[in-house]
Amino acid sequence: MMFVRYMLLWSICFLIASCQEEEREFINPDTVDTIPQTSLLSTLLKNVVTHDGSFDDRVDGGNCYSINLPYDIVLNGHQYRIDSPEDYTQISYKDKVSIVFPITITFYNYKEQLVDDQKTLDRIATNCSTTDDDIECVDFVYPMSFSVFYPATNTFETVEILHDQQVYTFMDVLEEDVAIAIQYPIALQLHTGVQTKAAHNTDLLNGILKHGMSCDEND
């Protein structure tokens, strides 16, 4: 009877150890298409989802931020409400435009700041680079998901993404030892309205490199 109990206990321990070994093999990050945080693809991913602040430059004068809608301007002596990006098409650089403060602006990294006057806004605009890294000719089609591997606990997590800000924030706060992988396939929306699909990292990298600079950006 004692021998039977011993064999049963040994079998249970062997089964647990085998399951743990299978789990370690299953979540080995080397078996998936991970994206190193220092890679070109990682940089391009953030460039695609960086907040584009150039579409309202004819009003705010800075490409590294945009003014949150809605807000008011005085255009050639008359006050108007800016409700959508399409409203900027009615404004030329020859028009006399002044902003009705206070306003809230959003930077390239989606952080916001309240601005009370033109002098403060001019100072912020001066600190913007003359060129920016955001890629405006390509967009991701959502939803998309990332697999995240945590080496400290040897576990995976799936993170579903619904918009650009989530991608930027997600990648911006990753710890150095955390590995990420996109759950393919995903689709890219080109500025022409056409969609193209990517099945793995090389597809995605080539797609961004090919189409990322294929349009006239608003910078």
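Predicted model: local features only at pLDDT ≥ 70, side-chain atom pairs only at ≥ 80, totals over all residues.
Visitor: Which residues of α5 are called buried, and what makes a residue count as buried rather than exposed?

Guide: The buried residues of α5 are V167, Y168, F170 and M171. The word stands for a relative accessible area under 20%, whereas exposed means over 50% and partly exposed in between, calculated with a 1.4 Å probe on protein chains only. Residues are numbered from 1 along each chain as its sequence is written, and side-chain values use heavy atoms, with hydrogens and water left out.

Visitor: Why are the buried residues of α5 said to line one face of the helix?

Guide: Seen down the axis of α5, its buried residues fall within an arc of 165°, so they line one face; the arc is that of the directions from the helix axis to the C-beta atoms. These buried residues pack against α2, β8, β9 and β10, where contact means heavy atoms within 4.5 Å.

Visitor: What makes a set of residues a nonpolar core, and which members of the largest core touch the most others?

Guide: A nonpolar core is a set of buried Ala, Val, Leu, Ile, Met, Phe, Trp, Tyr and Cys residues joined through side-chain atoms within 4.5 Å. The largest one has 30 residues, of which L45, F140, F170, I182, L204 and I208 touch the most other members. Elements that give two or more residues to this core include α2 (40–49), α5 (164–172), β10 (179–182) and α6 (201–211), and the largest share, 5 residues, comes from α2. Apart from this core lies another, of 19 residues, among them I73, I103, I105 and A125. As for L204, its contacts beyond four places in sequence are L41, L45, F140, I182, Y184, I186, L188 and A198.

Visitor: Why does T106 count as buried, and how do you know that its side chain makes a polar contact?

Guide: T106 lies in strand β5 (residues 103–107) and has 8% relative accessibility, so it counts as buried. The side chains of T106 and N68 are joined at 2.6 Å, and the term polar contact requires a pair of N or O atoms within 3.5 Å, of which, within protein, one must be able to donate a hydrogen and the other to accept it, with residues adjacent in sequence counting only if both atoms are side-chain atoms. Not counting residues up to four places away, T106 also touches H51, C64, Y65, S66, K111 and E112.

Visitor: What makes β3, β2 and β4 a sheet, and which are its edge strands?

Guide: Two strands pair if DSSP finds at least two bridges between them, and 5 bridges join β2 (residues 71–75) to β3, with the two strands running antiparallel. The open sheet of 3 strands has the order β3-β2-β4, with antiparallel pairing. The edge strands are β3 (78–82) and β4 (97–99), since each pairs on one side only. Within the sheet, Y71 stands opposite I82 in β3.

Visitor: Where is Y88 placed, and why does it count as buried or exposed?

Guide: Y88 is in the loop between β3 and β4, yet its relative accessibility is 3%, so it counts as buried. A polar contact of 2.9 Å joins its side chain to that of Y71. Y88 and D56 are 32 residues apart in sequence and 6.7 Å apart in space, C-alpha to C-alpha.

Visitor: What makes N76 and Y110 stand out in their backbone, and how is each classed by accessibility?

Guide: Neither is a glycine, but N76 has a positive phi of about 50° and Y110 one of about 75°. N76, in the loop between β2 and β3, has 42% relative accessibility and so counts as partly exposed. Y110, in the loop between β5 and β6 (112–115), is buried, with a relative accessible area of 15%.

Visitor: Which peptide bonds are called cis, and with what omega?

Guide: A cis peptide bond joins L69 and P70, with omega about -5°, and another joins Y142 and P143, with omega about 5°. P70 is in the loop between β1 (65–67) and β2, and P143 in that between β7 and β8.

Key. Helix = DSSP H or I, 4+ residues; strand = E, 2+ residues; numbered from the N terminus.
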